[in-house]
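Here are my notes on the model you sent over. Have a look at it first, then read on.

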Amino acid sequence: MTYHINKLLAAVAAPPIAEAHGWIKGRQFPADKPLIDVAQAVPGYPPPTELTDHLARVVGEPSSARYTDIEGTPPLRQALAADMGAFYGASIQAADTLIAAGCNQAFCLAVMALAGPGDEIILPLPYYFNHQMWLDMQGLRAVHLPFRPERGGVPDPADAEKLIGPKTRAIVLVTPNNPTGAIYPPAAIKAFYDLAKRRGLALILDETYRDFLPKDGAPHGLFAEPDWRDTLVQLYSFSKVYCLTGYRVGSIIAGPVLIAEIAKAMDTVAICAPRIGQLAALYGLEHLKPWRVGNTVMMRERLQALVKALQANDIGANSFRWELISAGAYFAYLRHPFKGRKAEEVARELAAQQNILALPGSMFGPGQEEFLRFAFANVTADTMPAIGRRLAQSAS
């Protein structure tokens with residue numbers, strides 16, 4: 001080989017989801033014990049026919065194949081600002097928004113605008129692995145905020161303050177959290193905002209799973225802060241709420257000054273988010289509120305069913321049991337009972353013996369060998385008891 005590979009990229013691990021699916025490649029599963037795949041966070045239901053019929057009608061229009069404005073189509077930006085403003089009870093303008101090709105890209109673009117090689121980003125453990133991967137690729141240093149299972153997975157602002165240094169540029173929060181499912185209380189979110197503001201940092205708040213909160217109402221009041229544009233960078237995804245994962249459409253809400261810088265990166269990387277995804281998101285915002293609310297209720301029911309199933313089966317003897325650390329939105333984070341064994345070994349064995357494909361905590365950062373992540377969104381409520389029974393069998 002005569003060319004050289006970027007050392008930063010070469011040092012990044014392979015995508016974890018693909019690796020986990022490789023564990024079961026080629027296997028056949030019996031009808032009496034089918035595979036329960038809780039490895040990837042995907043909706044377990046298709047987009048509504050109303051939406052796909054709309055897209056079928058507009059896809060033949062010449063304009064649907066063209067570029068959009070770099071920041072996104074004006075109607076979608078306006079609709080997003082109105083929807084977010086109504087939800088949070090705040091004033092958000094279209095100029096505060098940018099449409100990205102999914103929330104992963106939104107994170108990448110925001111970080112690119114905020115930090116350069118050698119800078120530091122505070123990233124809570126366990127982290128969403130694509131966040132860590134992007135920081136590594138960019139030559140940025142992730143400073144890990146300690147995991148607090150005793151707080152139900154909610155990070156401690158006091159821990160974060162101790163980690164801030166001269167090269168720190170931002171603090172990242174994901175709530176509802178991926179991978180833990182933890183829902184951060186409004187007071188905790190506000191404390192991190194106040195810390196970031198006081199220290200001159202950005203608070204990157206990833207709310208991909210905002211539509212799957214356990215109760216109605218805004219999860220924080222940050223958009224009501226008079227100068228939120230100087231600190232807050234909110235990320236959002238249309239992928240989960242409208243089942244558009246393959247359409248790649250997400251958003252960034254921040255001050256117009258930062259949006260202008262992000263637009264430079266957007267133009268270079270993709271020019272614009274796919275128009276068809278933007279058309280789908282706009283239709284969803286304008287026409288699918290009842291369907292959206294129905295999915296919120298359904299996911300709450302699935303969460304309740306999972307928690308009930310785990311409690312009903314006690315998931316193992318009291319001295320040798322699976323422990324539910326936190327759960328919410330799409331995820332549950334469990335401590336496995338096999339002391340001293342690596343999380344990947346436990347996950348592989350669970351797949352081999354119990355036909356449950358879950359991700360090991362080790363994929364989400366250091367110090368996570370005791371844990372497994374269950375992404376249960378694609379599992380119906382009536383399947384949850386089987387998860388409890390199989391976990392109980394694995395710990396017996």
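This is a predicted model: local features need pLDDT of at least 70, side-chain atom pairs count only at pLDDT 80 or more; totals for chains, interfaces and linings use all residues.

1. Residues are numbered from 1 along each chain as its sequence is written, and side-chain values use heavy atoms, with hydrogens and water left out.

2. Helices H3 (residues 49-58) and H10 (residues 275-287) pack at about 135°, axes 10 Å apart. Helices here are DSSP runs (H or I, at least four residues), and strands are E runs of at least two, numbered from the N terminus.

3. Which residues of H3 meet H10? On the H3 side they are Glu50, Leu51, His54, Leu55 and Val58, facing Ile276, Leu279, Ala280, Tyr283 and His287 (contact: heavy atoms within 4.5 Å).

4. The whole structure has 20 salt bridges (a side-chain nitrogen of Lys or Arg within 4 Å of a carboxyl oxygen of Asp or Glu). One of them joins arginine 292 and aspartate 83 at 3.2 Å, N to O. That pair links H11 (residues 289-313) to H4 (residues 74-88), 209 residues apart.

5. Arginine 300 and aspartate 216 also pair up, at 2.9 Å. Arginine 300 is buried at 18% relative accessibility, while aspartate 216 is exposed at 67% (buried is under 20% relative accessible area, exposed over 50%, partly exposed in between; 1.4 Å probe, protein chains only).

Methods
Axes are lines fitted to C-alpha atoms, for helices over the stretch in contact, and angles run from 0 to 180 degrees between N-to-C directions.
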